[in-house]
Amino acid sequence: MLDFRYHALSLVAVFLALGIGIVLGSSLGDTVVSQANRDIANSLRGDLSRAKRDAAGAHAAVGQRERLLEAVFPRIADTKLAGRSVAIVSSGPLADGVQSNARDAVRAAGGRLATIAQLQSPPDIAQLGKAVGPRFDGLRSDDPRLRPLGRRIGAALVAGGRLARRLEKRFPDRFGGQPVAADAVVLYRDPTAERSAAVKQIEQGLIEGLRGPGKPVVGVETFETDPSQISFYSNQGLSSVDNVDSAGGRIALALALTGARGNFGYKKTADAPLPPAPKGAQGG
């Protein structure tokens, strides 16, 4: 039978072995973990460097594409709008970037600007109705005349003339430009504007009035517009350009204003970056 001392020595040996194992394991584990951390850090630094190089390359490529498209603008769209007037109309605030890019596209293609108008959101319905004419006096937010009011305003913005001048005089911060007849219309719909049921009625009428004469009406937005309004334009039967803030978008806009149909740009809703060349068209 084994005595107590043997048991005691055995227990000491076991605990000593465990202690040595823990120390060695801890030291080895720290070394392994430290090396793994260094490997991960080096890998992440490499990934970051590659990502920066890729981003710089992509940025340079975009810049080169923009310069190329700016250079070919005269070959593609120059004089396409010669002798034509184009109105710029906004439902809600007209973004400065949209206005400036649309204006540049029209002028670069040889066109001139007609009316520049913004439908305030929400509009002062009573004052707007009074300015349009006695038929629309005393409008309320649930008035069945709201849609005909919008239709009348849209038609006036395309036709120019007395009502367009009256609106400019009454609302100089909302209606400007040259109140002359427009051969085409650029339409912008602000994505952040609040639209009550009354505003939607006026907006719907406005678009119907713009489209009434059968002249091109093109919905536009910038590439960063969020939420995108392209689906809204499509549902209204309008052509659209989703990147008017780019050289390609300005080319597409100039061509769409001549009557090219489709959704153009870089977003997934686009049919193509640019309208197809007319059959039989010659370069130069």
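Me: Why does Phe 175 count as buried?

Reply: This is a predicted model, and the values are computed from it. Phe 175 has 6% relative accessibility. Buried means under 20%, so Phe 175 counts as buried.

Me: What makes Phe 171 buried or exposed?

Reply: Its relative accessibility is 17%. The cut-off for buried is under 20%. Phe 171 therefore counts as buried.

Me: How many aromatic pairs does a search of the whole structure find?

Reply: Three. Phe 171 and Phe 175 form a pair that is tilted.

Me: Why is that pair called tilted?

Reply: The ring centres of Phe 171 and Phe 175 are 6.2 Å apart, and the planes stand at 50 degrees. Pairing needs centres within 6.5 Å; under 30 degrees is stacked and over 60 is edge-to-face.

Me: What makes the pair of Phe 223 and Tyr 266 edge-to-face?

Reply: The planes of Phe 223 and Tyr 266 are 65 degrees apart, with 6.5 Å centre to centre. Over 60 degrees counts as edge-to-face. This pair links distant parts of the chain. Phe 223 sits in the loop between β5 and α7, Tyr 266 in the segment after β7, 43 residues apart.

Me: Why do Phe 223 and Tyr 266 count as partly exposed?

Reply: Phe 223 has 39% relative accessibility. Tyr 266 has 32%. Buried is under 20% and exposed over 50%. Both values fall in between, so Phe 223 and Tyr 266 count as partly exposed.

Me: How do you know that the span of α2 agrees with its number of residues?

Reply: Helix α2 covers residues 96-108, 13 residues. At 1.5 Å a residue, α2 should span 18 Å. The end C-alpha atoms are 18 Å apart, so the two agree.

Me: Which residues of α2 are buried, and why are they said to line one face?

Reply: Val 98, Asn 101, Ala 102, Ala 105 and Val 106 are buried. Seen down the axis of α2, the buried residues fall within an arc of 135 degrees, so they line one face. The face turned away from the buried side carries the exposed residues Asp 96 and Arg 107.

Me: What makes β3 and β7 edge strands?

Reply: Seven strands form an open sheet, in the order β3-β2-β1-β4-β5-β6-β7. β3 and β7 each have a single partner strand, so one side of each is left without a neighbour in the sheet.

Me: How many bridges join β1 to β4?

Reply: Six, and the two strands run parallel. Val 89 stands opposite Leu 187 in β4.

Technical notes
Residues are numbered from 1 along each chain as its sequence is written. This is a predicted model: local features need pLDDT of at least 70, side-chain atom pairs count only at pLDDT 80 or more; totals for chains, interfaces and linings use all residues. Side-chain values use heavy atoms; hydrogens and water are left out. Helices (H or I, at least four residues) and strands (E, at least two) are DSSP runs, numbered from the N terminus. The expected span of a helix is 1.5 Å times one less than its number of residues. Buried means under 20% relative accessible area, exposed over 50%, partly exposed in between (1.4 Å probe, protein chains only). The arc is that of the directions from the helix axis to the C-beta atoms. Two strands pair if DSSP finds at least two bridges between them. Rings of Phe, Tyr and Trp (its six-membered ring) pair if their centres lie within 6.5 Å; planes under 30 degrees apart count as stacked, over 60 as edge-to-face and the rest as tilted.
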